Amino acid sequence: MSSYERLIEAVESIPVIDTHEHLAPEPYWAGTDDFFTLLSPYTVDVLTAAGMPVHEWAATQNKSLPVSTRWALLEPYLPLVRHTRVFRVVDRVVRGRYGLRAYTADEIARISPLIAADGTPDGYVRLCREAGIRATMTFLSFDCHKLMGGSVMIPVPTVSDIHFKDPGMLTRLSGVTGVPVTSFDTLLASIDRLFADYKAAGIRAIKFGSAYRRRLDYQPTARADAERVFTEVLRTPRYGDIQMCGAVPNGFSDAFLRPLDDYLAFYMVTLAGQYGMNVFFHCGIHAWNGNDPDAAKVSGLRTLIALHPHVRFTLLHAGYPYVDDALLLAKYYPNVTLNLTWLPVLDRPAAVDLIRRLIELLPVNKVEGFGGDYCTLSLAVEHLRMGRETLAEALAFCVDNGEMTLDEAIGIIRAWLFENPRSNYRLEVSAHD
C-alpha cells in the first residue's frame with residue numbers, strides 16, 4: 001500500500017471541525033433543495049463566465065418552472081464547465097450520493113427528492129455523522145445571534161454588514177441592539193451593546209467580508225474624521241421613506257465612507273479582543289463574478305493585525321491567489337492563522353503546493369484545514385472528501401521523500417482538521433461520537 005493510500009485510510013477516521021459554511025438556521029431548512037440548488041454558489045460563476053445570461057441562470061433557480069424547462073436552459077452550458085473543479089464537486093455528489101445515471105431532465109427530477117431529504121435538520125445530523133464532522137461554524141448576517149437559539153451549529157456574525165451604503169442600516173442596527181442610533185455616540189453605544197449580546201450568546205468569532213466592496217488596507221482613523229462622515233449620513237434626506245419605497249441609492253461612495261468604515265473596523269476588532277473573540281477575514285478570491293481582484297489582497301491587513309497583537313486573526317482561503325503575502329503575515333505575527341477553506345476546490349495543484357510550503361514555513365498550530373464555504377451541506381461533505389484527498393496527496397510526498405514519518409503526517413492532518421480549530425475557537429467538542 002502506498003503512502004497516499006495509507007494516509008487516505010487514516011484521514012477518513014480523523015474527526016473534523018468545519019470552520020466555514022453558510023448554512024441557514026435549522027428552522028429554515030425546509031427540504032426544498034433540488035439539483036439546481038447545488039449549482040449555487042460557485043458553479044453559477046463558471047456558468048455565467050461561459051456566457052450563460054443572468055436571466056437564464058435566475059430561471060434555473062425558479063422552482064415553479066418545470067424541471068424540463070430549467071434543464072433546457074442549463075444543458076447547452078454544461079459541457080463548457082463539466083471539468084471545472086467547482087462543478088466536479090456537484091458531479092461527485094449527484095453521482096456518488098444520489099445515484100445520477102445521466103444528465104437528463106428525467107434523471108434530475110428523479111434524484112431531486114433525495115437531495116431535498118438531505119436539506120432538513122435530520123439530514124444535517126445524518127450528513128455530519130457520515131462525514132465525521134463534530135462541529136460546524138456557519139457564517140451569517142451580523143444579527144444571526146438572534147436567529148440561532150437552539151442551533152447545534154456555531155454562528156459567526158459578519159460584522160462588515162454594518163456599512164452605511166445600506167440605507168436601512170440605521171433602522172436595522174437600532175432594532176437589533178435596542179439602542180436608537182441618532183448620533184455618533186449612540187452608534188458606538190449600539191455596537192457596544194451588539195458585542196455584549198454576542199458574548200452573552202456564546203459567539204466565538206466575528207467575520208469581515210469587506211473585500212467584496214473595498215480593499216483591505218485598513219488604517220487608524222481619527223474619531224473626528226469618522227464622526228464627520230457619520231454626521232453626513234445622518235443628515236442626508238435620502239435616509240427617509242424614499243429609500244424604503246424606491247430603493248434610491250444613498251449617493252455615498254466607498255471613498256467618502258472610508259474613514260467611517262476604517263474607524264468601525266478598528267473599533268469592532270478591539271471589542272472582539274476584549275470579549276475573547278477571534279476575527280475572520282475573507283481575503284483572496286471572491287465568490288460571484290465581477291469583483292475587483294485587488295480588493296482582497298491580504299497584505300493590506302498588516303496594520304490592523306500589528307496594532308491588535310492580542311486578537312487572533314484567521315485569514316480565509318489562505319489568501320489565495322495571494323498566498324505569499326498570507327504566508328508572510330502568518331510567519332511574522334503570532335496572532336495570524338491561515339485557513340484552507342475552499343482551496344482544494346478552487347485549485348487543487350495550488351493547494352497541494354501550498355500545503356507543502358505551509359509545513360516547511362509555519363508551525364503546525366498556524367493552520368486550520370477545512371471549511372466548505374457552501375450553503376448546502378452535501379456539497380460541503382463532498383468538498384471535505386476532496387480536501388482529505390488533497391491533504392493526503394501533499395503529505396504523502398513528504399513521507400516518500402523522507403521528510404516525515406507516516407505517523408507524523410497523520411498528526412499534522414489531525415491538528416489541522418480538528419485540534420487547531422478546537423483550540424482556536426475554544427470549542428467544547430469531543431473527538432468521539
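**Figure 1. Alanine 330 in helix H15.** Alanine 330 sits in helix H15, residues 323-332; helices (H or I, at least four residues) and strands (E, at least two) are DSSP runs numbered from the N terminus. This is a predicted model, in which local features need pLDDT of at least 70 and side-chain atom pairs count only at pLDDT 80 or more, while totals for chains, interfaces and linings use all residues. Residues are numbered from 1 along each chain as its sequence is written, and side-chain values use heavy atoms, with hydrogens and water left out. Alanine 330 counts as buried because its relative accessibility is 1%; buried means under 20% relative accessible area, exposed over 50%, and partly exposed in between (1.4 Å probe, protein chains only). Setting aside residues up to four places away in sequence, alanine 330 touches Val336, Leu338, Leu362 and Lys366, where contact means heavy atoms within 4.5 Å. Look for lysine 366 in this view: it is 36 residues from alanine 330 along the chain, yet their C-alpha atoms are separated by 7.2 Å.

**Figure 2. Isoleucine 191 in helix H10.** Helix H10 (residues 184-200) carries isoleucine 191, which is buried, with a relative accessible area of 0%. Beyond its neighbours within four places in sequence, isoleucine 191 is in contact with Leu173, Leu264, Tyr267, Met268 and Leu271. For a sense of scale, alanine 72 is 119 residues from isoleucine 191 in sequence and 48 Å away in space, C-alpha to C-alpha.

**Figure 3. The largest nonpolar core.** A nonpolar core is a set of buried Ala, Val, Leu, Ile, Met, Phe, Trp, Tyr and Cys residues joined through side-chain atoms within 4.5 Å. The largest one has 137 residues, and those with the most contacts inside it are Phe35, Phe164, Leu187, Phe195, Phe208, Phe281 and Leu315. Helix H18 (residues 377-400) supplies the largest share of this core, 13 residues. Another core, of 14 residues, lies apart from it and includes Ile17, Met137, Phe139 and Val429. Zooming in on leucine 187, you will find contacts with Phe164, Leu173, Val181, Phe230, Leu260 and Leu264, not counting residues up to four places away in sequence.

Figure 4. On a 1 Å grid over the protein atoms alone, a cavity is a set of points where a 1.4 Å probe fits but cannot get out, and a pocket is an open set with protein on both sides within 12 Å along at least five of seven lines; lining residues have an atom within 4 Å of a point. Grid points are joined across faces, edges and corners, and a volume is the space filled by probe spheres set on the points.

**Figure 5. The largest pocket.** About 370 Å³ of space lies in this pocket. Of its 21 lining residues, the closest to the centre are His22, Lys207, Tyr212, Ala287 and Trp288.

**Figure 6. Histidine 286 in a loop.** Histidine 286 is found between strand E5 (278-281) and helix H14 (302-306), and counts as buried at 10% relative accessibility. Leaving aside neighbours within four places in sequence, its contacts include Ala211, Tyr212, Asn291 and Trp342.
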